Amino acid sequence: NPAAKVGMRINDVFTDSDTVFEIELTANRGDCLSHIGIARELAARFNKKLKLPELKYEPKYAPTPEGGLLKSVELQTKNCPMYTAVSIKGVKIGKSPDWMVRDLESVGLRSINNVVDVTNYVLMEYGQPLHAFDAAKIKGAKIIVRQARQDEPMQTLDGKKYILSPEATLICDAENATAIAGVMGGLDSEVTESTTDVVLESAYFNPGNVRATSRKYAINTDSSYRFARDVDPNGTLAASRRAADLIAELAGGTIEPVTCLVGQKPRDDRKIQISLRYIIDRIGFEIKAEDAADAFRRLGFGVECDGENMSVLVPSFRSDV
């Protein structure tokens, strides 16, 4: 760098440099498998305000939106209690901008194209796996979520062919399986350079089912790793909106005003009654009620105090609690 002078900060010379944290997590902390999850923990530790991405897309929700790219979505299995799909028309598939390529590579992901890169970017940001389908390849404009039939074949994005058994959950169109739910998409419906219309999936899949399927067929992906550890049902819609915003920004196109939403989230925030003495008995030292309440709030919990008794609202992203 010809502008470099003796004594300059190294980060001023190499402006693309960044700090990457490699974090080991226990299996119960699926909420930390995202940048927002780690930022939330850091905000609590340093008593800072957590900043979330601004969401521009403000959808309405309906089971079968008129004007969308899908005619219907059917949930035929308990392993998918909630499924959402956003229709985005007129996208232009191409290379992602340098900042996104750099960010994805910094966490070990390779850039594929602007739409697929957005789904991976939001996966890392929110911890919610997403999948983009080429709408033209969805036969009958139908999505059906069901269990696999015995010996049903499926070819995944990595080109491998699997012979499935009924415990595997599938995303299907009117004719064939298009993805192994929560694990990997299918080769037949992937987004390519010729894609012009996209259906963006954001759903909640049963963690135990994804874990069992991933283990049985030895398919380990960033998506299955997160679904197996439980994703936040309340983050499903936010991640979908964030991805729609980024696709519109990087690939153009028009986002349909109504998002398809079928089923309902399996759980919500939960209220638990607890006493200060219960907390003290387990941590082994004295603590004031206001300090305990402050710690809860900084971690994203709601708290109401009545003397030493607390009513704590556990957020849905903390399934371990």
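**Exercise 1. Aromatic pairs**

How many aromatic pairs does a search of the whole structure find? Classify the pair Trp99 and Tyr121 and place its rings.

*Solution.* This is a predicted model, where local features need pLDDT of at least 70, side-chain atom pairs count only at pLDDT 80 or more, and totals for chains, interfaces and linings use all residues. Residues are numbered from 1 along each chain as its sequence is written, and side-chain values use heavy atoms, without hydrogens and water.

- Step 1. Apply the rule: rings of Phe, Tyr and Trp (its six-membered ring) pair if their centres lie within 6.5 Å; planes under 30 degrees apart are stacked, over 60 edge-to-face, the rest tilted. The search of the whole structure gives four aromatic pairs.
- Step 2. The ring centres of Trp99 and Tyr121 are 5.6 Å apart and the planes stand at 85°, so this pair is edge-to-face.
- Step 3. Trp99 sits in helix H3 and Tyr121 in helix H4, 22 residues apart, so the pair links distant parts of the chain. Helices (H or I, at least four residues) and strands (E, at least two) are DSSP runs, numbered from the N terminus.
- Step 4. Check burial: buried means under 20% relative accessible area, exposed over 50%, partly exposed in between (1.4 Å probe, protein chains only). Trp99 is partly exposed at 31%. Tyr121 is buried at 17%.

**Exercise 2. A second ring pair**

Which parts of the chain does the pair Phe205 and Phe227 tie together?

*Solution.* 

- Step 1. The centres of Phe205 and Phe227 lie 5.1 Å apart with planes at 70°, so the pair is edge-to-face.
- Step 2. Phe205 is in the loop between E11 and helix H5 (207-216), and Phe227 is in helix H6, so parts 22 residues apart in sequence are tied together.
- Step 3. Phe205 and Phe227 are both buried.

**Exercise 3. The nonpolar core**

Which residues touch the most other members of the largest nonpolar core?

*Solution.* 

- Step 1. A nonpolar core is a set of buried Ala, Val, Leu, Ile, Met, Phe, Trp, Tyr and Cys residues joined through side-chain atoms within 4.5 Å.
- Step 2. The largest core has 37 residues; Tyr83, Ile143, Leu164, Ile171, Val199 and Phe205 touch the most other members.
- Step 3. Strands that give two or more residues to this core include E3 (82-89), E5 (142-147) and E11 (197-204).
- Step 4. Take Ile143 and leave aside its neighbours within four places in sequence. Contact means heavy atoms within 4.5 Å. The contacts of Ile143 then include Leu70, Tyr83, Ile138 and Ile171.
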